[in-house]
Amino acid sequence: AGDRTAREPPGGRSMASEEPQRRLTAILSADVVGYSRLMAQDETATVRTLKAYREQIGALVRQHRGRVVDAEGDNLLAEFATATDAVAAATEVQRVIRARNTSVPEPARMEFRIGVHLGEVRVEGKRLYGDAVNIAARLERLAGPGGICISHAVRLQAAPRLGLELEDLGEQTLKNIPGTVRVHRVHEAAPRRSRGR
């Protein structure tokens with residue numbers, strides 16, 4: 001203990017420990033379409049369904065080597081080491097939810113929209129911060145019910161490995177994000193691994 005104290009600056013913490021970690025990661029952001037309407041319609045059923053779907057999504061995230069970073073309200077944020085895993089998880093989530101919704105009356109169906117972006121994030125404990133997180137959330141809002149929108153950075157990494165039908169939405173101005181981001185909408189219900197992977 002004495003040696004450690006001798007190496008520390010007068011403030012008691014090393015300079016390295018105060019520097020935030022940064023890393024490149026793929027971010028998946030999802031939320032429920034029409035959540036307020038569903039809550040007003042049947043609060044108990046909506047909370048129960050959201051809990052069940054969130055557990056299902058969490059399991060799919062882990063199956064694709066990701067981790068859930070945050071889940072507040074109707075939002076869910078997850079990170080993956082690769083864009084390919086993030087998009088594969090997103091498409092599988094939408095496929096599973098679509099299948100589950102077939103047995104639910106349309107007014108009570110819970111649909112998610114998902115955005116996926118690849119970028120550098122600031123890491124503090126288990127939380128992630130930065131424009132990459134915000135961009136994923138903005139892409140999510142462009143996706144629509146049951147939809148997925150990805151950034152061009154994700155397309156460049158994931159397209160060679162996944163058989164996806166993509167619609168190029170062009171350069172988009174996203175709220176509170178400097179410049180523009182090229183966006184693609186995913187139409188394929190589920191990814192297909194290429195033979196090279």
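Reader: What kind of model is it?
Author: It is a predicted model, where local features need pLDDT of at least 70, side-chain atom pairs count only at pLDDT 80 or more, and totals for chains, interfaces and linings use all residues. Residues are numbered from 1 along each chain as its sequence is written, and side-chain values use heavy atoms, with hydrogens and water left out.

Reader: Where does D31 sit?
Author: In strand 1, residues 21–32. Helices (H or I, at least four residues) and strands (E, at least two) are DSSP runs, numbered from the N terminus.

Reader: Is D31 buried or exposed?
Author: Buried, at 7% relative accessible area. Buried means under 20%, exposed over 50%, partly exposed in between (1.4 Å probe, protein chains only).

Reader: What does D31 touch?
Author: Beyond neighbours within four places in sequence, D31 is in contact with D74, N75, E111, F112, R113 and E140. Contact means heavy atoms within 4.5 Å.

Reader: Switching to the largest nonpolar core. Which residues touch the most other members?
Author: L28, F80, V87, F112, I114, V116 and V154, out of 34 residues. A nonpolar core is a set of buried Ala, Val, Leu, Ile, Met, Phe, Trp, Tyr and Cys residues joined through side-chain atoms within 4.5 Å.

Reader: Which element gives the largest share of this core?
Author: Helix 5, with 8 residues.

Reader: And what does L28 touch?
Author: Not counting residues up to four places away in sequence, L28 touches L76, L77, A78, F80, A86, A90, I114, G115 and V116. There is also a second, separate core of 9 residues, including V69, V121, V133 and A136.

Reader: Helix 6 next. Which residues there are buried?
Author: A132, V133, I135, A136, A137, R138, L139, E140 and A143. They pack against strands 1, 3, 4, 5 (127–129), 6 and 8 (181–186).

Reader: What happens just after helix 6?
Author: G144 takes a positive phi of about 80 degrees.

Reader: How many salt bridges does the structure hold?
Author: 11. A salt bridge is a side-chain nitrogen of Lys or Arg within 4 Å of a carboxyl oxygen of Asp or Glu. R22 forms one with E120, with the closest N and O atoms 2.8 Å apart. That pair links distant parts of the chain: R22 is in strand 1, E120 in strand 4, 98 residues apart.

Reader: How exposed is R22?
Author: Partly exposed, at 47% relative accessible area. E120 is partly exposed too, at 47%.

Reader: What does D70 pair with?
Author: R127, the closest N and O atoms being 3.2 Å apart. D70 lies in strand 2 and R127 in strand 5, so the bridge ties together parts 57 residues apart in sequence.

Reader: And where do R95 and E92 lie?
Author: Both are in helix 5, 3 residues apart, about one turn of the helix. R95 is partly exposed at 37%, while E92 counts as buried at 18%.
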